Amino acid sequence: MSTVDWTGWRRQLGEPEAEGLRERKKRLMRQRLSDTATEMFLERGFDGVRVAEIAQACEVSEKTVFNYFPTKESLLLDLGETTMAALRTDLALPDRCPVDAVLRILSDELHGMTSWIAAQDDPVQAAAMIRRFRELTRSTPSLRAYHRDMTDRLIGAAAEALAQRTGMSPDDPEPQIAATALLGLWPIQFRSLGKHLKGVRAPEQVHEKVTADVRRAAKLIETGLASFRPLGEPPIATGGRVVRR
């Protein structure tokens with residue numbers, strides 16, 4: 001038996017503040033399926049586990065599993081919808097610049113992981129399990145492909161939110177490149193997390209170092225988005241050069 005309920009950090013990120021009884025039952029079943037699948041994937045490898053075995057372990061039918069998760073990959077990588085909802089909400093706020101909005105989402109996700117590690121009886125083992133999760137997703141071709149597809153969907157959602165703020169089309173170059181750059185902060189955070197989880201570090205130290213890495217990358221993006229931040233305002237020509245407000 002594992003001494004660490006390692007999947008708790010993912011549940012913490014996805015729990016709603018209020019829900020009815022029916023919604024709670026559905027969420028708990030979804031949680032049980034995902035947690036059971038992830039435990040089995042980590043133990044035997046993603047390709048070494050069949051969906052029918054996950055269903056049997058949860059005492060449900062295989063059809064029930066697919067009612068909650070459209071693909072086997074989504075059993076493991078199940079937080080994309082939570083991130084997408086956050087992007088659509090935070091990037092739509094007119095008084096918050098896009099970089100700050102994304103940094104807030106990333107900070108919430110990082111806090112979910114590091115605070116969960118700190119709450120475990122064995123934080124070192126907990127950190128090692130998060131690294132194993134990361135390594136599994138990187139080493140499995142179908143999971144990498146699923147992750148790329150989800151990233152494309154997240155970029156699309158971000159581009160739509162940014163386009164609404166500017167009065168542009170989501171297909172215009174500016175919201176497309178802005179969304180792509182902003183979503184590039186996620187792999188920065190996960191690579192930094194993998195690096196700083198190695199060795200003996202307190203969770204708050206990991207949080208501080210990862211945040212510093214992400215903010216360094218965000219500075220470059222913010223510089224590039226300076227011309228995009230005054231939403232909807234056209235450039236002004238002065239003395240042969242273009243100046244943006």
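1. Let's start with Asp78: its side chain makes a polar contact with the side chain of Ser34, at 3.2 Å. (A polar contact is a pair of N or O atoms within 3.5 Å; within protein, one must be able to donate a hydrogen and the other to accept it, and residues adjacent in sequence count only if both atoms are side-chain atoms.) Asp78 sits in the loop between helix H5 (72-76) and helix H6 (80-90). With 17% relative accessibility, Asp78 counts as buried; the cut-offs are under 20% relative accessible area for buried, over 50% for exposed, and partly exposed in between, using a 1.4 Å probe and protein chains only. Arg30 is 48 residues from Asp78 in sequence, and their C-alpha atoms are 9.7 Å apart.

2. A word on what you're looking at: this is a predicted model, where local features need pLDDT of at least 70 and side-chain atom pairs count only at pLDDT 80 or more, while totals for chains, interfaces and linings use all residues. Residues are numbered from 1 along each chain as its sequence is written, and side-chain values use heavy atoms, with hydrogens and water left out.

3. Now the overall fold. Among contacts between residues at least 6 apart in sequence, 68% join residues at least 24 apart, a contact being heavy atoms within 4.5 Å.

4. On to the core. The largest nonpolar core has 61 residues, and Phe41 and Leu91 have the most contacts inside it. (Such a core is a set of buried Ala, Val, Leu, Ile, Met, Phe, Trp, Tyr and Cys residues joined through side-chain atoms within 4.5 Å.) Leaving out residues up to four places away in sequence, Phe41 touches several residues, including Phe46, Ile54, Leu75 and Leu136.

5. Next, salt bridges: there are five in the whole structure, each a side-chain nitrogen of Lys or Arg within 4 Å of a carboxyl oxygen of Asp or Glu. Glu81 pairs with Arg153, with the closest N and O atoms 2.8 Å apart. That pair links distant parts of the chain, helix H6 and helix H9 (residues 141-166), 72 residues apart. Asp213 and Lys195 form another, at 3.6 Å; Asp213 is in helix H12 (residues 203-224) and Lys195 in helix H11 (residues 185-196), so this pair ties together parts 18 residues apart in sequence. Asp213 is buried at 17%, whereas Lys195 is partly exposed at 46%. Glu53 and Arg44 meet at 2.7 Å, N to O, and Arg44, Arg50 and Glu53 are linked in a network.

6. Arg134, in helix H8 (residues 123-139), deserves a look. Arg134 is buried yet has no salt bridge, and the nearest side chain of opposite charge, Glu135, is 5.8 Å away. (Lys and Arg count as positive, Asp and Glu as negative; His and the chain ends are not counted.) Beyond four places in sequence, Arg134 is in contact with Phe190, Arg191 and Gly194.

7. Last, a backbone point. Glu59 isn't a glycine but has a positive phi of about 60°. Most residues other than glycine have a negative phi. Glu59 lies in the loop between helix H3 (51-58) and helix H4 (62-68) and is exposed, with a relative accessible area of 69%.

Notes: Helix = DSSP H or I, 4+ residues; strand = E, 2+ residues; numbered from the N terminus.
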